[in-house]
Amino acid sequence: MVDIKEIKSIEIVPYTLMTSSINAVWAFLYAIFTLILGLVPFVISPTAANSTALWFYIASIVSSPVGSFVLGVLQSFLFALIYNLLVPKLGGIKLGLEDLSEIKSIPVMPFALITSTISAIFVLIIALIVMPLVAAYIPVVSQIASSLPLNGTNITAESISSLGTFGVIGSILSIIILPITAFVIVFVINVILAALYNLVAPRVGGIKLEFAAGAENMYEILSVAPVQLALITAIIAAICGIIIGIIAVIISALYGVAIIGVMFLAGFTIGFLVGVFIAYAILALIYNFLRPKIGGIKLELQ
């Protein structure tokens, strides 16, 4: 029997610690991978290889995980905090759980609404930081440009001044436009993803989680089934790849090079299927490895 549960809140510290730790592990694995690739030139031709690049790859084994962890802490903390603040106003993400162990469905609108709102708030925060800097920088550039000799060019002092004014106004408008754009794009994408999940899950099985009940409706995710998570996400990604590929086929056919579109179709479909399967299987394995050591993500479900 499927029981609809709403994620009323996310316990901030466990969520932040787990997601930032996963980011750090991913960065470490990527740094190891790039180091292995960096060693290839030394194997082929040691005298021609760039030792400076090799030291960079070695240093990234430490710097990349640390940087990813710090950025992950900031992003995860803000996500959980904003989510908890929005739930009383918008409602939380809802999950159709069977026996509190398998996600059989994801109600589309609650999922799309809160995730797109959080994305818009993130973009707004970034815009509020970046755009004032841009607005302050443009008049300086305009002032410097106005002091340069303009003989022999089509540039006038008036056009430079207008550019500076336009840049300031554009920066202010961006603070409004960018969050709205982010909301619309993320909303549409997540409506499609949730709808695809609801279409695929009854056929291949949904994401399987092991929960441990705690006090006050708090549930800790003890483990994630790697194969099931990887399978359903890979199939959804492959369907998206097919959609993108079909669009590429239509566009390339209009230009008389349909074969290029067919190559894109095959590449997107196979690439998304294989790449996403591997990525999410590793993600689940990392979570299952870290959970006994640092604790799992805790959700309030009602």
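Here is a short chat about the predicted model shown above.

Modeller: A word first: residues are numbered from 1 along each chain as its sequence is written, and side-chain values use heavy atoms, without hydrogens and water. In this predicted model, local features need pLDDT of at least 70 and side-chain atom pairs count only at pLDDT 80 or more, while totals for chains, interfaces and linings use all residues.

Colleague: Happy to start! In what order do the elements of the chain run from the N terminus on?

Modeller: The chain has six helices and six strands. These are DSSP runs, with helices being H or I of at least four residues and strands E of at least two, numbered from the N terminus. Their order is β-α-α-β-β-α-α-β-β-α-α-β.

Colleague: Is Val66 buried, partly exposed or exposed?

Modeller: Val66 lies in helix 2, residues 51-90. Buried means under 20% relative accessible area, exposed over 50%, and partly exposed in between, using a 1.4 Å probe and protein chains only. Because its relative accessible area is 49%, Val66 is partly exposed.

Colleague: Which residues does Ile103 contact, leaving aside neighbours within four places in sequence?

Modeller: Ile103 is among the residues with the most contacts inside the largest nonpolar core, which has 42 residues. Such a core is a set of buried Ala, Val, Leu, Ile, Met, Phe, Trp, Tyr and Cys residues joined through side-chain atoms within 4.5 Å. Contact means heavy atoms within 4.5 Å. With those neighbours left aside, the partners of Ile103 are Leu95, Gly96, Leu97, Tyr197, Ala201, Gly206, Ile207 and Leu209.
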